[in-house]
Amino acid sequence: MMTFNIKNWCILPTAIGDFRMYDTEDETIKLVSYSALEDIGDKPLFRMHSSCIASEIFGAQDCDCADQLNESMRLIASNGEGLIIYLQQEGRKHGLSRKISAVSMMQKGNCDTAESFERLGFEQDIRDFSKAVAILEGLGINAVKLISNNPYKINFLKKHGIEVE
């Protein structure tokens, strides 16, 4: 089970509102909530989000990752509570070099992400959400309202005992 110090947190002021960022003691995973963790309900709004440098840092227009994260934050803020677990898993955990190859294939080969991964011989999605599940378990959360339509995320959570709405 993942441990982290819920006493070590700070306010994360954003254009959407003031969130809380918690120390997970793991630089590859961030935990952000809108309310105090102690005030999170039994089935919180929840987003597992993997890093996307192109969209989130540089504002790439051919990717909606930053939009997905921002919309999740808006939903959580309007709900008054919820969690985001942000994971360093660039390029569906293939890494930035392979992601660049896949995007280049998409641009040159006029294909989508899935097809470019296939052409390059990459597995479609090798992300591991075990740390996110461990955090949920550590918080006593066994059911979430997932902000995602990704069947891989849904199945991963269900397979690891988290009820998903």
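**Close-up views of salt bridges and a loop**

**View 1. Lys43 is partly exposed, with a relative accessible area of 24%.** Here, buried means under 20% relative accessible area, exposed means over 50%, and partly exposed is anything in between, using a 1.4 Å probe and protein chains only. What you're looking at is a predicted model, where local features need pLDDT of at least 70 and side-chain atom pairs count only at pLDDT 80 or more, while totals for chains, interfaces and linings use all residues. Residues are numbered from 1 along each chain as its sequence is written, and side-chain values use heavy atoms, with hydrogens and water left out.

Which residue does Lys43 form a salt bridge with? It's Glu165, with the closest N and O atoms 3.0 Å apart. Lys43 sits in the loop between S3 and strand S4 (45-50), and Glu165 in the segment after strand S7 (163-164), so the pair ties together parts that are 122 residues apart in sequence. A salt bridge is a side-chain nitrogen of Lys or Arg within 4 Å of a carboxyl oxygen of Asp or Glu; helices (H or I, at least four residues) and strands (E, at least two) are DSSP runs, numbered from the N terminus. Glu165 itself counts as exposed, at 55% relative accessibility.

**View 2. Asp26 forms a salt bridge with Lys131.** Their closest N and O atoms are 2.7 Å apart. Asp26 lies in the loop between strand S2 (18-23) and strand S3 (29-33), and Lys131 in helix H5, so this pair links parts that are 105 residues apart in sequence. Asp26 is buried at 19%, while Lys131 is partly exposed at 36%.

**View 3. Arg74 and Glu71 meet in a salt bridge.** The N to O distance is 3.4 Å. Both residues lie in helix H2 (residues 65-79), three residues apart, or about one turn of the helix. Arg74 is partly exposed at 43%, and so is Glu71, at 37%. Elsewhere, salt bridges that share partners join Lys43, Glu163 and Glu165 into one network. Searching the whole structure turns up seven salt bridges.

**View 4. Asp125 is in the loop between helix H4 (113-120) and helix H5 (130-138).** Is Asp125 buried or exposed? It's buried, with a relative accessible area of 16%. Its side chain makes a polar contact with the side chain of Arg127 at 2.6 Å. A polar contact is a pair of N or O atoms within 3.5 Å; within protein, one must be able to donate a hydrogen and the other to accept it, and residues adjacent in sequence count only if both atoms are side-chain atoms. Setting aside neighbours within four places in sequence, Asp125 is in contact (heavy atoms within 4.5 Å) with Arg92, Asn150 and Tyr152.
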